[in-house]
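The following exercises concern the sequence and structure shown below.

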Amino acid sequence: MSVDGNSSITLMKTLQTSTEVYSICPYDVNRFIVGTVGDRRHARIIGLNGQESDIQALTFPDKTYGAGYCHCTYLPSDGVLAVTDWNEHTVQLYQIGPGTSRTVKDDRIHLPAGVCGTQGRVFVASRGTDRVVEMTVQGEIVKCHDVGIKPYTISVTQDGGHMVVANYVNGDSTIKLFKMEFT
């Protein structure tokens, strides 16, 4: 899809994928990284032409996820793919290129859902603690932000100045906008 200056969205093409997709984020100008459902490849690359490929040099744990149990995001400036694991209460940080990874497991991360990142930071919606956990791309937890809702989906603006947090609770549809300042 494309968005013009008047915020009109125009369908450009429809792509059929070989696996269910739960999350999606830009990889480069012609490709996206998608988080999968029911596939042992937890993230894949899909081009605008529909071509699918595995992420070279990455080895994922030998398991599959149902919808909502694994989210991912890619930070192109850092070459880092962040993948949450709801059941294990972890965030896996993969360094694309060298193919290295680091598991972040901490009591402050419980039932991690949505994940996003900017400026060398990864933000994880820790649904079990009602906070957004902020960490470096190396996995060092910097801060936990009390957001006043059970965070499920989060996103950061392109300039890194604002974060949007949405909950997922029956009967309460809340979205909160936060101003961000890095220290």
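**Exercise 1.** Is Asp85 buried or exposed?

*Solution.* The model is a predicted one. Step one is to find the relative accessible area of Asp85, which is 5%. Step two is to compare this value with the cut-off: a residue is buried under 20%. Asp85 is therefore buried.

**Exercise 2.** Determine where Asp85 is found and which polar contacts its side chain forms.

*Solution.* Begin with the location: Asp85 is found in strand S8, which covers residues 80-85. Next, consider side chains: those of Asp85 and Tyr65 are joined by a polar contact of 2.5 Å. Then consider the backbone: a polar atom of the Asp85 side chain lies 3.1 Å from the backbone nitrogen of Asn87. Finally, list the residues that Asp85 touches, leaving out those up to four places away in sequence: Lys63, Tyr65, Tyr69, Thr90 and Pro112.

**Exercise 3.** Describe how strand S9 is joined to S8 and to S10.

*Solution.* First, take S8 and S9: they run antiparallel and are joined by six bridges, with Val80 opposite Gln95 in S9. Their hairpin has four residues between the strands, and His89 takes a positive phi near 60° there. Second, take S9 and S10 (residues 100-105): six bridges join these antiparallel strands, and Val91 stands opposite Val104 in S10. In this second hairpin, which has four residues between the strands, Gly97 takes a positive phi near 110°.

**Exercise 4.** Why is strand S9 largely enclosed by the rest of the structure?

*Solution.* Strand S9 comprises six residues, 90-95. Five of the six are buried, so S9 is largely enclosed by the rest of the structure.

Methods: Residues numbered from 1 in each chain as written. Predicted model: local features only at pLDDT ≥ 70, side-chain atom pairs only at ≥ 80, totals over all residues. Heavy atoms only, no water. Buried < 20%, exposed > 50% of the residue type's maximum accessible area, 1.4 Å probe, protein only. Helix = DSSP H or I, 4+ residues; strand = E, 2+ residues; numbered from the N terminus. Pairing = 2+ DSSP bridges. Polar contact = N/O pair within 3.5 Å; in protein donor to acceptor, adjacent residues only side chain to side chain. Contact = heavy atoms within 4.5 Å.
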